[in-house]
Amino acid sequence: MPFARLASATTPTCHIGLGLAAVGRPGYINLGRDQDLGENRSVETLRTRTHELLDAAYAQGVRYFDAARSYGRSEEFLADWLNNRPDIDDIVVGSKWGYTYTAGWRTDAEAHEVKDHGVGTYERQLAETTELLGDRLDLYQIHSVTPDSPALTDKELHAKLAEAAARGLTIGFSTSGPAQADAIRTALAVTVDGEPLFRTVQATYNVLETSAGPALAEAHDAGLTVIVKEGMANGRLADPHAPDVVRAIAEEAGAEETGLGSDAVALALVLRQPWAGVVLSGAATALQLASNLHAAVVDLDDEQLTRLAALVEEPGAYWERRGQLPWH
């Protein structure tokens, strides 16, 4: 397991990863992203921004980097960065297949990505990912599995994924939607020649959406590394959009001279889960990243946890609202 590389890391931020969804393409659904990136979103501008973020993340102890075929040019940007830093050998690199980016570097595209979990898409996208990342790729995940995904029942696909695993690639999956727990439990039962196929799971878990928690605990107990995405609910838990309770706790927990952002409180809640192996930051700026990384030293007390628990939403309502977020 490539995540064993993180076991010997001692920095408090080693269990925070950097996801590249917000900077690998000009349009995304995170709140406030229109201000974060500004008007110039050319390929070279976002390449430079991505490299600056990767430099800042690595310098501050981040050791997991997460891309996807559908995140525009995220794999390309990450590959460029890695090629310029051949001495860096203590990181873990993950990407995902199953969605094809279709926006053509536009923010007003009718469709930004198209989902297909078939064998043909897997083989095509694995070749594309391998061409860019080569042997730096550690983890390849099926992107956004739901309980009805054919990826959970396609034996031909399972055999091909097992072949990739035999060649040294770690195979995982990510989930989305109100039935994440069902998808996780179904995936845990997938085996090839009697051996579990999946070694990692990436799922949404945050102050507002905790429904996958018990299933993620089961995955952890089964030996999978759990990666948490959308810990800030696509910006809903970051200033200035965060609920009053989250902002109040940030004021209580932060030192007067430094302050603390709502984002750090939100990510701290996820980091304290005993099953959370890596928690992703989706920062679009170096300042956001630095604020996110403060989560590693936030200590929430029982009373604060109780107040945060009162913010949990019904999964259907949470995912309906997420689906209504505009692409900026």
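Modeller: Helices (H or I, at least four residues) and strands (E, at least two) are DSSP runs, numbered from the N terminus. On that basis, Pro240 belongs to the loop between β11 (225-229) and α8 (244-253). The model is a predicted one, in which local features need pLDDT of at least 70 and side-chain atom pairs count only at pLDDT 80 or more, while totals for chains, interfaces and linings use all residues. Residues are numbered from 1 along each chain as its sequence is written, and side-chain values use heavy atoms, with hydrogens and water left out.

Which residues does a cis peptide bond join? The bond links Asp239 and Pro240, with omega at about 5°. The loop between β11 and α8 also holds Glu230 and Ala233. Glu230 has a phi near 55°, a positive value in a residue other than glycine. For Ala233, too, phi is near 55°, again positive in a residue other than glycine. As for burial, the scale is as follows: buried means under 20% relative accessible area, exposed over 50%, and partly exposed in between (1.4 Å probe, protein chains only). Glu230 is buried because its relative accessible area is 14%, and Ala233 is buried because its value is 1%.

Ala151 counts as buried because its relative accessibility is 0%. With contact taken as heavy atoms within 4.5 Å, and leaving aside neighbours within four places in sequence, Ala151 touches His117, Ile142, Leu157 and His158.

Turning to the whole chain, there are 12 helices and 12 strands. The radius of gyration is taken over C-alpha atoms, and the globule rule is 2.2 Å times the number of residues to the power 0.38. The chain is as compact as a globular protein of its length, because its radius of gyration of 19 Å is close to the 20 Å that the rule gives for 328 residues. The C-alpha trace spans about 55 × 45 × 40 Å along its principal axes. Of the 328 residues, 55% are buried. Among contacts between residues at least 6 apart in sequence, 79% join residues at least 24 apart.

Salt bridges are the remaining topic. A salt bridge is a side-chain nitrogen of Lys or Arg within 4 Å of a carboxyl oxygen of Asp or Glu. The structure holds 20 of these. One of them pairs the side chains of Arg63 and Asp90 at 3.1 Å, N to O. This pair links distant parts of the chain, 27 residues apart: Arg63 is in the loop between α2 (43-59) and β2 (64-66), and Asp90 in the loop between α3 (74-83) and β3 (92-97). Arg63 is buried at 14% relative accessibility, whereas Asp90 is partly exposed at 29%. Another bridge joins Glu218 and Arg185 at 2.8 Å, N to O. Because Glu218 lies in helix α7 (residues 213-221) and Arg185 in helix α6 (residues 180-188), this pair ties together parts that are 33 residues apart in sequence. Within helix α11 (residues 302-309), Arg307 and Glu303 are four residues apart, about one turn of the helix, and their side chains form a salt bridge at 3.0 Å, N to O. Finally, Glu44, Arg47, Arg73, Glu76 and Asp80 are linked in a network of salt bridges.
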